Amino acid sequence: MTDDKSSGTDGNAPATDTFWQRTHRNAQQSMKLYSSASRLALGQSRWIAASAVLGTLSLTLVGVGIASLVAPYEGVATASLTADRAPRVIAWNANGTPQSGTPILLAAADAAPQMAGKTEIHSATEQEAEIALSGAETEDDALRTASLADPGLFRPLTEEKLAAEAASLPATPRPVAQTVELASGETLMEVLQDAGVDRIDAYHAVAAMTSHYSPRKLRAGQEISLTFMETPDGAVGEDESGTPAKYLTALSLVPDIERTIEVKRNEDGSFDSQEIKHEFTEGFVRAAGTINNSLFLDGEQAGVPAPIIIELIRMYSYSVDFQREIQPGDKFEVYFSRKFDENERPVKEGDVLFAALTVGGKSHKLWRFDPGDGVWDYFDENGQSMKKFLMKTPIDGARISSTYGLRKHPILGYSKMHAGVDFAAPRGTPVYAAGDGTITRANRFSSFGNYVSIRHANGYETSYAHLNGFARGIKAGTRVRQGQVIAYVGTTGRSTGPHLHYEVHVGGKKMNPLALKVPTGRKLDGKQLATFKEMRGTLSTKMAEAPLATRVAQAAVDADGGAN
């Protein structure tokens, strides 16, 4: 074989190449590949390095630019303006040019302390600034007005603007107090709804009250205090009729002087009630006077309250005829208990503990005493109860206008038996039950007009005619006690004027009420009488120490005047 067969330069080795020839050719190809890869890698590195240099230069230029923009504001504290309406504050040098050549933007809180004594504060709306800019005469004026027109500046809020802002806000409900009064025939539900309470709220409030007080016991004239959360007039929350929206939060009423009933709304919208009992102190008062007109009028002038005078009349109605026996110059004395509030003002009358009535020179003294069986009564100095089976006169302040017997009838014109006694009195004068018993009739009855009859023990019956009206709760079947108000004087039926026609029937037979002898009450003896006499001595000592009612009344008036 020759050398020509073994050589070649095109990379296609003959099959007869030796092992070393093939190895040499592979090495040459590998070197060419590594050389190409190295040249490519070196070019990419130079490009990356150049890019890094250019990026660094760009960042440097950006930083320099930011620094040049911020430099004029070095040392000035700025505030973040986050509200839609905030103060617009621009600071100027005293000569009228911008401080450091540029207007300064400050928040209201920062502007005042930094510019005090060396700056002047200006404010304007954008519209005002644009108008001023169009007419600027100097560069400084133009710069100033241009700064005022900067939309980043904010106008200061004056008191008027603050008030306008407050007026534009939704109205806040406020507590409103209201007092309503129960009219005749009205229910509590009706009164609450008429006052603007929602029907469902009114129902739940009334239901909550029943645990302490029944609304059925309310009478005409009862005042009820209401508290609402109410939206003011013209504000959001009014109903379609324009009435301010009301939200009942509480109601209260005073059914009697000793307690208050309160109903309040809870946080969950429900209602609860509570009974507040008032604490009073007890005192004792005495009064005395001379009867010149009537026991009622002269008693009031002596400082005796009306309930005590009525009790006095009831006490002596068994033995004294107030229409015929009382004369000018007769005297009275009374000692009674009274309750006082925390200001020492009398708020409620108590019981009559002692009374004395001098009629025609004869003194009638009575003491209140409980013999120990729980049934108290009035007894004279001998321990004899003054309570009789029936009262002589079941009315006060009246005169006898017609007695029992045959008479000429004032309307019919002919003589007719008058089976009772007539007591002339003003319309509305109270009429008392002559004795304990049961109402058998309380309605309109023939020529008697409004009529009441009472059945008593032992076959006795009393009747009362020509009445103006009946007392509360008086109806057939009702039990009444002696001295209880059952009706009022009127002129109903066949009558010529206001008066009471009074009859007494015994076993079905009509009797003369003024001539009738009725049994008396109990008489004390033994230990009961001894205890009674001991009580009388103790009471006399207390009476000597008690203040006069007239002085107490004057002290209460002075206290009220001083408080005012």
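This is a predicted model: local features need pLDDT of at least 70, side-chain atom pairs count only at pLDDT 80 or more; totals for chains, interfaces and linings use all residues.
User: Which residues of helix 9 are buried?

Analyst: They are Ile-308, Ile-309, Glu-311, Leu-312, Ile-313, Arg-314, Met-315 and Tyr-316.

User: And what do the buried residues of helix 9 pack against?

Analyst: Contact means heavy atoms within 4.5 Å. The partners of these buried residues are helix 8 (295-301), strand 10 (331-340), strand 11 (346-359), strand 12 (362-369) and strand 13 (377-379).

User: What is the order of the strands in the open sheet?

Analyst: The 5 strands follow the order 9-10-11-12-13, with antiparallel pairing. Strand 9 (281-290) and strand 13 are the edge strands, as each pairs on one side only. From one strand to the next, the twist averages 30°.

User: How do you know that strand 9 and strand 10 pair?

Analyst: Two strands pair if there are at least two bridges between them. Strand 9 and strand 10 are joined by 10 bridges and run antiparallel, so by that definition they pair. Arg-286, for example, stands opposite Tyr-335 in strand 10.

User: Where does helix 9 touch the sheet?

Analyst: Helix 9 packs on the sheet at strand 10, strand 11, strand 12 and strand 13, and its direction makes about 40° with that of strand 11.

User: Which strands does helix 10 (residues 526-545) lie across?

Analyst: Helix 10 lies across strand 9, strand 10, strand 11, strand 12 and strand 13, running at about 105° to strand 12.

Key:
Residues are numbered from 1 along each chain as its sequence is written. Side-chain values use heavy atoms; hydrogens and water are left out. Buried means under 20% relative accessible area, exposed over 50%, partly exposed in between (1.4 Å probe, protein chains only). Helices (H or I, at least four residues) and strands (E, at least two) are DSSP runs, numbered from the N terminus. Axes are lines fitted to C-alpha atoms, for helices over the stretch in contact, and angles run from 0 to 180 degrees between N-to-C directions.
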